[in-house]
Amino acid sequence: MNLILSFLSYYLKILLVLVCMLFLSSCNKKTKKDLELVILNNELVTYSGSKDSINVIRLSLKNNSNKVFFINGSNNQKLVSGGIKKTGITLRIFNENDDEVEYYVEKQPIALENNCSFEFIRNFNEFSNVNLGYKSYKYNYFKLKNLDKTFFIYPNQTIYFEYSLNLNKPLINDEDRNEYVKLDHSKNYKAKIILESNSKTINSNLPWDYLQSIETNQAEVYDGIIESSNKIPVKVIKP
C-alpha cells in the first residue's frame, strides 16, 4: 500500500511540474509581441548646458509572428505627440517619476550653402515624379527613400537601425529634426524609442511600386506605434 501511495505521489508531482511548465509557456506566448523593438545602447549622454554630445543610437526590430509586415513610417504620421523626431524615429524621455519631459521646438539652423542641396532635392523629386507619369509634386521620393522608415519585415527576421542624435540643441544639417530637451544634471532620466506606422495613408503616400509589392507579398500594413521593450538611462553631465 505504501509503495502504491509513493508511486502515485511521485507521478502527481511530475504531472504538477508539467502543468506548471505548460502554463508558463502559454503565458510567454501570449505576452510576446508580433514586432519587438529593442534599444541596443546601454545609455545616452548629454549635458545640462550648451555643450552637447552626439549619441549613435542602435536599434533592433524582430518579427516574432508568421506574418509579413510593411512599416509605413514617417515623422509626418503624427500618431505620437511630443518626443524628438528624426528620420521616422521618435525618442521620448521620462524623469524619475516616469513623467515625460517637456520638448522644445526650434527650427534647425541651415547653412547658406545648403540652398543648392534644397534645389537638388526639388529637382530630384520633380524628375522622379514626371518621368514616372505623376504630377511633379506628387511624391517626395527623396524623403521616402532617405528619411522615412518604410520597409518590409518577414517572419523571424531581425532588422537593425542606427542614427545619430544629440539631445539639447538643434544642429546644422540635422536632417528633419527640430525638437530638443533641457535636462537637469541632478536628476535621473530614461528614454525609449517609438516607430510609427499608418495603414490609412498608404494609397495617398506611396507610389505604385510600393503598393504592388505590398499586395504581391500579401503583407499586412502595420497600423499603430511600436514601442521599445526597454528604457535606457540618460546620463546628464554638468558642463
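This is a predicted model: local features need pLDDT of at least 70, side-chain atom pairs count only at pLDDT 80 or more; totals for chains, interfaces and linings use all residues.
Side-chain values use heavy atoms, with hydrogens and water left out.

Three strands form an open sheet of mixed pairing in the order β8-β4-β12, where strands are DSSP runs of E with at least two residues, helices are runs of H or I with at least four, both numbered from the N terminus, and two strands pair if DSSP finds at least two bridges between them. Strands β8 (149–153) and β12 (220–221) are the edge strands, each pairing on one side only. Strand β4 (residues 69–73) runs parallel to β12 and is joined to it by two bridges, with F70 opposite V221 of β12. Helix α5 (residues 208–216) packs on the sheet and touches β4, β8 and β12, its direction making about 25° with that of β8; contact means heavy atoms within 4.5 Å, and such angles, which run from 0 to 180 degrees, are taken between N-to-C directions of lines fitted to C-alpha atoms, for helices over the stretch in contact.

S228 lies in the loop between β13 (224–227) and β14 (232–237). S228 counts as buried because its relative accessibility is 9%, the class limits being under 20% relative accessible area for buried, over 50% for exposed and in between for partly exposed (1.4 Å probe, protein chains only). The S228 side chain reaches the backbone oxygen of N230 at 2.8 Å, and, residues up to four places away in sequence not being counted, S228 touches L37, I39, K192 and I193.

The whole structure contains eight salt bridges, each defined as a side-chain nitrogen of Lys or Arg within 4 Å of a carboxyl oxygen of Asp or Glu. One of them joins D34 and K67 (3.9 Å, N to O); D34 is in the loop between α1 (2–31) and β1 (35–39), and K67, 33 residues apart from it, is in the loop between β3 (55–63) and β4. D34 and K67 are also linked with E220 in a network of salt bridges. In a further pair, the closest N and O atoms of E162 and R58 are 2.9 Å apart, E162 being exposed at 52% relative accessibility and R58 partly exposed at 43%. K85 and E196 meet at 3.2 Å, N to O, and both residues are buried.

Key. Residues are numbered from 1 along each chain as its sequence is written. A polar contact is a pair of N or O atoms within 3.5 Å; within protein, one must be able to donate a hydrogen and the other to accept it, and residues adjacent in sequence count only if both atoms are side-chain atoms.
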